[in-house]
Amino acid sequence: MTDAEGGAGMPAAGAGSAEDEGWMRVALEEAAAAQALGEVPVGAVLVRGGELVARGHNLTHTLQDPSAHAEMVAIRRAAQTIGHWRLLDCALYVTLEPCTMCSGAIVLARIPRLVYGAPDPKAGMTGSLGNLVQHPRLNHRVDLVGGVLERECGDVLRAFFRARRRRPEPDAPQEPLE
C-alpha cells in the first residue's frame, strides 16, 4: 500500500525493547485465559507510565458479542479505570495484529503507541491489509511496533487452530461404528 492509498509506513518488525517483551508476555497470559474459555487466544494489555492499567482477552463467544475482541475489552476497561475515553499516555500490547474495528478504536481512543506480536495477513489493519492506525488523513496516528515475540504469539494461535481442525464439530455426523 502506498502513502497515497492510506499507508503511512510499516511497523518496525521485532524492534521492541525488553520492556515491550515483558508486557507482551502479560498479553500472552491473557491469550491463555481466552483459550481456557474456548475463545480464540488473543490477549491485550494497556500500560501507562510503566504500570498496568487494563487487561483483556477475546470474549466474543462467551459474551456473544462480535465487538468483544481483546483490544476492545482492554480499551473499555482502561477508559473506565482512567475515567476518560482518551488514552493519551498509554501503550497497547496485543498478541495479534489488530483488525479494522480494533484499529479504529485505537485511533479514536488516541492511544499513542501500539505493540503487537503476530501479523494477521487475513484481517490485520496495522500493516498487513492496510494501515489504519497511521493513515495520513486521520487526526491521530499511532507509533507502531510489530513482531514482538512474534513466534510465541503465532505459535499459540497456530496450535489453537490446529487442535480445532482435528476436533469434529459437535453437530457433525459421526461415522458409524463397524
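**Questions on a predicted model**

Q: In which strand is the place of Leu52?
A: The model discussed here is predicted. Leu52 falls within the run of residues 51-57. That run is strand β3.

Q: Is Leu52 buried, partly exposed or exposed?
A: The relative accessible area of Leu52 is 34%. Buried means under 20% and exposed means over 50%, with partly exposed in between. Because 34% falls between these limits, Leu52 is partly exposed.

Q: How far apart in space are Leu52 and Trp23, C-alpha to C-alpha?
A: Leu52 touches Trp23, Val45 and Leu46, when residues up to four places away in sequence are not counted. Along the sequence, Leu52 and Trp23 are 29 residues apart. In space, their C-alpha atoms are separated by 8.7 Å.

Q: What pattern does the protein follow when read along the sequence?
A: The secondary structure comes to five helices and six strands. Taken in order along the sequence, these elements give the pattern β-α-β-β-α-α-β-α-β-β-α.

Q: What percentage of contacts between residues at least 6 apart in sequence join residues at least 24 apart?
A: The protein has 178 residues, of which 46% count as buried. Among its contacts between residues at least 6 apart in sequence, the share that joins residues at least 24 apart is 59%.

Q: What distance separates the C-alpha atoms of Glu71 and Asn58?
A: Apart from neighbours within four places in sequence, Glu71 is in contact with Ala44, Leu92, Val94, Leu96, Pro98, Cys99 and Cys102. Asn58 is 13 residues from Glu71 along the chain. The C-alpha atoms of Glu71 and Asn58 are separated by 8.1 Å.

Q: What is the relative accessible area of Leu114?
A: Leu114 is found in strand β5. Leaving out residues up to four places away in sequence, Leu114 touches Leu92, Val94, Pro98, Ile106, Thr126, Val142, Asp143, Leu144 and Val145. Leu114 is buried, and its relative accessible area is 0%.

Q: How far apart are the C-alpha atoms of Leu114 and Ala91?
A: Along the chain, Leu114 and Ala91 are 23 residues apart.

Q: Which elements are included in what covers the buried residues of α4?
A: Helix α4 spans residues 100-108, and its buried residues are Cys102, Ser103, Gly104, Ala105, Ile106 and Val107. The cover over these residues includes α3 (70-82), β4 (90-96) and β5 (113-118).

Q: Which residue takes a positive phi just after α4?
A: The phi angle in question is about 60°. The residue that takes this angle just after α4 is Arg110.

Q: Is Gln64 buried or exposed?
A: Gln64 lies in the loop between α2 (60-63) and α3. Although Gln64 is not a glycine, its phi is positive, at about 50°. Because its relative accessible area is 64% and exposed means over 50%, Gln64 is exposed.

Q: Is Leu149 buried or exposed?
A: Leu149 lies in the loop between β6 (143-146) and α5. Leu149 is not a glycine, yet it has a positive phi of about 55°. Because its relative accessible area is 10% and buried means under 20%, Leu149 is buried.

Q: How does α1 run relative to α5?
A: Helix α1 (residues 18-36) and α5 pack with their axes 10 Å apart and at an angle of about 10°. Angles under 35 degrees count as roughly parallel, so α1 and α5 are roughly parallel.

Q: Which residues of α5 make the contact with α1?
A: From α1, the contact is made by Met24, Arg25, Leu28 and Gln35. By class, the contact of α1 with α5 has five nonpolar, one polar and two charged residues. The residues on the α5 side are Glu152, Cys153, Val156 and Phe160.

Q: Which residues are the closest to the centre of the largest pocket?
A: The largest pocket has a volume of about 460 Å³. Of the 19 residues that line this pocket, the closest to its centre are Leu96, Pro119, Asp120, Leu157 and Phe161.

Q: Which helix gives the largest share of the lining of the largest pocket?
A: By class, the lining has eleven nonpolar, three polar and five charged residues. The largest share is four residues, and it comes from residues 150-166, which form helix α5.

Technical notes
Residues numbered from 1 in each chain as written. Predicted model: local features only at pLDDT ≥ 70, side-chain atom pairs only at ≥ 80, totals over all residues. Heavy atoms only, no water. 1 Å grid on protein atoms, 1.4 Å probe; cavity = no way out; pocket = protein on both sides within 12 Å on 5 of 7 lines; lining within 4 Å. Points joined across faces, edges and corners; volume = space filled by probe spheres on them. Helix = DSSP H or I, 4+ residues; strand = E, 2+ residues; numbered from the N terminus. Nonpolar A, V, L, I, M, F, W, Y, C, P; charged D, E, K, R; others polar. Axes fitted to C-alpha atoms, helices over the stretch in contact; angles between N-to-C directions. Parallel < 35°, antiparallel > 145°, perpendicular 65-115°, else oblique. Contact = heavy atoms within 4.5 Å. Buried < 20%, exposed > 50% of the residue type's maximum accessible area, 1.4 Å probe, protein only.
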